[in-house]
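Reader: I have a model open and want to learn to read its features. Can you take me through them in turn?

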Amino acid sequence: MVRAFAPGKCILFGEHAVVYGHPAVAVAIEAGVEVRLEESERWVLDGMNFEPSRHPHIKHIITNVFEYDGSPLKIDINSTLFPAAGLGSSAALSNAMGAALQELIDPSGTVDAIKLARISHSAEAIAQEGRASPTDTAASALGGSVVVSGERLKGINHRFDAELITPEGERNWSIHSAELHPNLAEAWLVLGFTGKGSPTGKMVAGVADLLEKEPAHKEDMLAIANITNAGLAALAAGNLPAVGIAMDACHKRLQNIQVSSPALDLLVNSARPHSFGAKLTGAGGGGCMVALTNNPKRVAEAIEIAGGKPLISRFGTEGVRLID
Ligand code: PMV
């Protein structure tokens, strides 16, 4: 049997602005997806008959990427992520599936994180009608903190470039790894799930409409880009209060472009008294918020009292890996 685990992710800065070529910062979180594979008499997923059409990421990896024609497989998936909550569960699934299948076909005891990030990005693109940024898949594959941008950034470790033909034309991204300052080892992320799914496509389309009807909101996009750069500098310096201030400022701008919701604002406000900063994370509308704190239990309690589901995580954990 082979087992692999890939973490979920949380966007710290730059959601929505990244769609327009500005940088975004995402970190791997502790929760994620484990995939177990073993050869079997028939194709089984979580104890049921495996129906490829219902699992486009898995189907793409088995059939198109690896062109697997070996024995049928028994696939078991165990996720500790809230589903459809903007925490990158499909990216984590694709990375763990890719790592496990690679090991089953050609055992080496190691993973090639960049190769897996590329495979998983292609799986996301297939499942999302050709529109997928490499943010989730890169954060889950590489671990730590990744910066995704429309151009190569200076002074930061460039890892690889990604490209995709989307219905709107070719898109290119550069993916970098940001160093995590030792001070961040004392910090925790607390995610708060509103309980409502986050419809990424709808939210991105809504922002595009808003920018067309009210071009003044382009200023919010530029402000998010500046906040992201300030947040990156604060992360590099290990200045937790400054990271928190940037998170609060980012949330304000995300409210301006109308992607927050009363439920997200409630959870953000409940977390702030015990946090360095808090903001919605991901596409918004529903999904999750995130707080940076050194008092994770207190923040988790506050989120729960406000009606959210908390998830405590260390900051920027390891990326995709095989498990013994
Ligand atoms: O799918 P989510 O919730 O992780 O958010 C995606 C982030 C966006 O910037 C809103 C969209 C994108 O493709 O980058």
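Reader: How far apart do the C-alpha centres of domain 1 and domain 2 lie?

Author: They lie 23 Å apart. The chain is divided into domain 1 (2–180) and domain 2 (184–314), with bounds from an automatic or database domain assignment. A word on the ground rules. This is a predicted model, where local features need pLDDT of at least 70, side-chain atom pairs count only at pLDDT 80 or more, and totals for chains, interfaces and linings use all residues. Residues are numbered from 1 along each chain as its sequence is written, and side-chain values use heavy atoms, with hydrogens and water left out.

Reader: How many residues does the contact take from domain 1 and from domain 2?

Author: Contact means heavy atoms within 4.5 Å. Domain 1 gives 28 residues and domain 2 gives 42 residues.

Reader: What area is buried between domain 1 and domain 2?

Author: Interface size is often given as the accessible area lost when the parts come together. Buried area is that loss for two parts, taken with a 1.4 Å probe and summed over both. Here the area is about 2,600 Å². Carbon and sulfur atoms give 75% of it. On the domain 1 side, Phe13, His16 and Phe82 lose the most area to domain 2. Together they account for 27% of what that side buries.

Reader: Which polar features cross the interface of domain 1 and domain 2?

Author: The rule finds nine residue pairs in polar contact, both residues at pLDDT 80 or more. A polar contact is a pair of N or O atoms within 3.5 Å; within protein, one must be able to donate a hydrogen and the other to accept it, and residues adjacent in sequence count only if both atoms are side-chain atoms. The rule also finds one salt bridge across this interface.

Reader: Which strand supplies the largest share of the side of domain 1 that touches domain 2?

Author: E2 does, with seven residues. Strand E1 (2–13) and E2 each supply at least two residues of that side. Strands (E, at least two residues) and helices (H or I, at least four) are DSSP runs, numbered from the N terminus.

Reader: How many salt bridges does the structure hold?

Author: Side chains of opposite charge can pair when their charged atoms come close. The cut-off: a side-chain nitrogen of Lys or Arg within 4 Å of a carboxyl oxygen of Asp or Glu. The structure holds 11. In one of them, lysine 279 meets glutamate 15, with the closest N and O atoms 2.9 Å apart. Lysine 279 sits in strand E10 (residues 277–281) and glutamate 15 in the loop between E1 and E2, 264 residues apart.

Reader: Is lysine 279 buried or exposed?

Author: Buried means under 20% relative accessible area, exposed over 50%, and partly exposed in between (1.4 Å probe, protein chains only). Lysine 279 is buried, at 0%. Glutamate 15 is buried too, at 2%.

Reader: Which residue forms a salt bridge with lysine 9?

Author: Aspartate 136 does, at 3.2 Å between the closest N and O atoms. The pair joins helix H4 (residues 135–142) to strand E1, 127 residues apart in the chain. Aspartate 136 is buried at 18%, and lysine 9 is buried at 3%. Salt bridges also link Arg3, Glu34 and Arg36 in a network.

Reader: How many aromatic pairs does the count come to?

Author: Rings of Phe, Tyr and Trp (its six-membered ring) pair if their centres lie within 6.5 Å; planes under 30 degrees apart count as stacked, over 60 as edge-to-face and the rest as tilted. The count comes to three. Tryptophan 43 and phenylalanine 50 form a tilted pair, 5.8 Å centre to centre, with 35° between the planes. Tryptophan 43 and tyrosine 68 are edge-to-face: 6.1 Å and 90°. Tryptophan 43 is partly exposed at 27%. Phenylalanine 50 is buried at 12%, and tyrosine 68 is buried at 16%.

Reader: What does the side chain of threonine 194 reach at 2.8 Å?

Author: The backbone oxygen of glycine 287. A polar atom of the threonine 194 side chain also lies 3.3 Å from the backbone nitrogen of lysine 196. Threonine 194 is in the loop between strand E9 (188–193) and helix H5 (200–213), and is buried at 19%.
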